[in-house]
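Subject: Handover of a structure and findings

Dear colleague,

Please find the sequence and the structure below. My notes on what was found follow them.

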Amino acid sequence: MKGVRALTFDLDNTLWETDVSILRAEDAMARHLRTLTPARWMAEFTLETFHEVRKEVIKEQPHISHNLTTIRKETLKRWFENRGATNAVAEDLANEGFQVFYEERQNVTPYPGTVATLSGLSKNFKLAAITNGNADLMAMQIGRYFQFSLQSQHFPEPKPAPVMFEEALKRLKVDPHECMHVGDDIEHDVMGAQQVGMKTVWFNMHSRSPKGDTLADYVITDLRELLRLLK
Ligand SMILES: [Mg+2]
């Protein structure tokens with residue numbers, strides 16, 4: 001394909017399966033918090049009860065809904081406050097719990113062929129990442145193939161808003177039509193990137209049927225197809 005000089009990638013469920021690492025990280029977080037608090041503070045703690053509190057927090061503070069770090073910290077804080085912790089203690093526990101979660105959350109396993117694909121592509125194209133999550137790509141092994149990674153928590157709005165795509169184009173020093181965005185989410189990735197004039201690839205690993213009529217320029221079910229596509 002002619003004219004493409006750079007690629008941007010979504011991360012979660014595009015380069016790796018996210019649910020596995022999130023579940024493992026939440027489990028590690030809960031185990032760690034149990035060692036720090038009175039037993040009754042964590043007695044009712046399950047993923048379900050934690051997510052109930054999380055829903056409440058997001059409902060009360062919709063402006064933080066694109067910042068997964070803040071949401072998680074605020075949810076933990078609320079959890080401990082609800083059980084009688086002072087504001088300061090709840091905040092300390094929230095920060096410490098988040099640290100454990102965050103470290104474990106970075107422990108992802110790229111889908112088969114992903115590392116080789118990125119390595120191959122990085123020889124001919126500039127690569128960057130645009131994520132609505134809080135994966136710390138540049139601290140990972142595969143970060144070395146990327147120029148940078150943008151996280152929505154540092155921007156006023158998450159994908160599909162144009163702001164992160166525009167920032168990526170600016171930093172990559174390419175025009176929209178010279179950049180191809182690859183992601184698994186039709187709305188966030190395909191529609192978002194299309195709006196700013198980028199080329200789009202829908203990573204449809206599970207061969208779902210698309211909702212609505214927004215069609216990506218290309219649909220792939222395996223990241224390795226990019227190498228052929230961009231020859
Ligand atoms: Mg995704």
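The axes of helix H1 (residues 18-36) and helix H5 (residues 87-105) come within 8 Å and cross at roughly 145°. Please keep in mind throughout that this is a predicted model. The crossing of H1 over H5 is right-handed. Residues of H1 that meet H5 include Ser21, Ile22, Ala25, Met29 and Leu36. On the H5 side, the residues met include Leu93, Gly97, Val100 and Phe101. As background, an α-helix has 3.6 residues a turn, so residues three or four places apart point the same way.

The central sheet

In which order do the strands of the open sheet stand? The order is E3-E2-E1-E4-E5-E6, six strands in all, and their pairing is parallel. Strand E3 (148-151) and strand E6 (218-220) are at the edges with a single partner strand each, so one side of each has no neighbour in the sheet. On average, neighbouring strands of this sheet are turned by 20° against each other, direction ignored. In general, strands of a sheet pair through backbone hydrogen bonds, either parallel or antiparallel.

Strand E4 deserves a separate paragraph. Strand E1 (residues 6-9) runs parallel to E4 and is joined to it by four bridges; in this pairing, Phe9 has Val182 of E4 as its bridge partner. Strand E5 (residues 199-203) also runs parallel to E4, again with four bridges, and here His181 stands opposite Thr200 of E5. Is E4 enclosed or open to the outside? Five of the five residues of E4 (residues 179-183) are buried, so the strand is largely enclosed by the rest of the structure. In a regular strand the side chains alternate between the two faces of the sheet. In E4 both faces are covered: Cys179, His181 and Gly183 are buried on one side, and Met180 and Val182 are buried on the other.

The helices beside the sheet

Together with E4 and E5, helix H8 (residues 186-195) makes a right-handed β-α-β unit. Within H8, the residues Ile186, His188, Asp189, Val190, Gly192 and Ala193 are buried, and their cover includes H7, E4 and E5. Just after H8, Gly197 has a positive phi of about 90°. Helix H7 (residues 162-172) lies across E1, E2, E3 and E4, and it runs at about 160° to strand E2 (126-131).

In soluble globular proteins, nonpolar side chains tend to be buried together. The largest nonpolar core in this model has 37 residues, and those with the most contacts inside it are Leu7, Ala129, Ala168 and Cys179. The elements giving two or more residues to this core are E1, helix H6 (114-122), E2, H7, E4, H8 and E5. Which helix gives the largest share of this core? H7 does, with five residues. Apart from neighbours within four places in sequence, Ala168 is in contact with Thr8, Ala128, Ile130 and Leu150. There is also a second, separate core of twelve residues, which includes Ala25, Leu76, Trp79 and Ala94.

Two individual residues

The residue Phe50 lies in helix H3 (residues 47-60). Why does Phe50 count as partly exposed? Phe50 has 18 C-beta neighbours inside 10 Å, whereas a residue needs 20 or more to be buried and 12 or fewer to be exposed. Not counting residues up to four places away in sequence, Phe50 touches Phe45, Thr75 and Trp79. Phe50 and Trp79 are 29 residues apart along the chain, and 7.6 Å separates their C-alpha atoms.

The residue Lys126 is found in strand E2. Lys126 has 20 other C-beta atoms within 10 Å and is therefore buried. Leaving aside neighbours within four places in sequence, Lys126 is in contact with Arg5, Ala6, Gln147 and Leu172. From Lys126 to Asp184 the separation is 58 residues in sequence and 20 Å in space, C-alpha to C-alpha.

Yours sincerely

Terms used
Residues are numbered from 1 along each chain as its sequence is written. This is a predicted model: local features need pLDDT of at least 70, side-chain atom pairs count only at pLDDT 80 or more; totals for chains, interfaces and linings use all residues. Two strands pair if DSSP finds at least two bridges between them. A crossover is right-handed if, with the strands pointing away from the viewer, the path from the first strand over the helix to the second runs clockwise. Axes are lines fitted to C-alpha atoms, for helices over the stretch in contact, and angles run from 0 to 180 degrees between N-to-C directions. Two residues are in contact if their C-beta atoms, placed from the backbone, lie within 7 Å. A nonpolar core is a set of buried Ala, Val, Leu, Ile, Met, Phe, Trp, Tyr and Cys residues joined through C-beta atoms within 7 Å. A crossing is left-handed if the near helix is turned anticlockwise from the far one by less than a right angle, and right-handed if clockwise.
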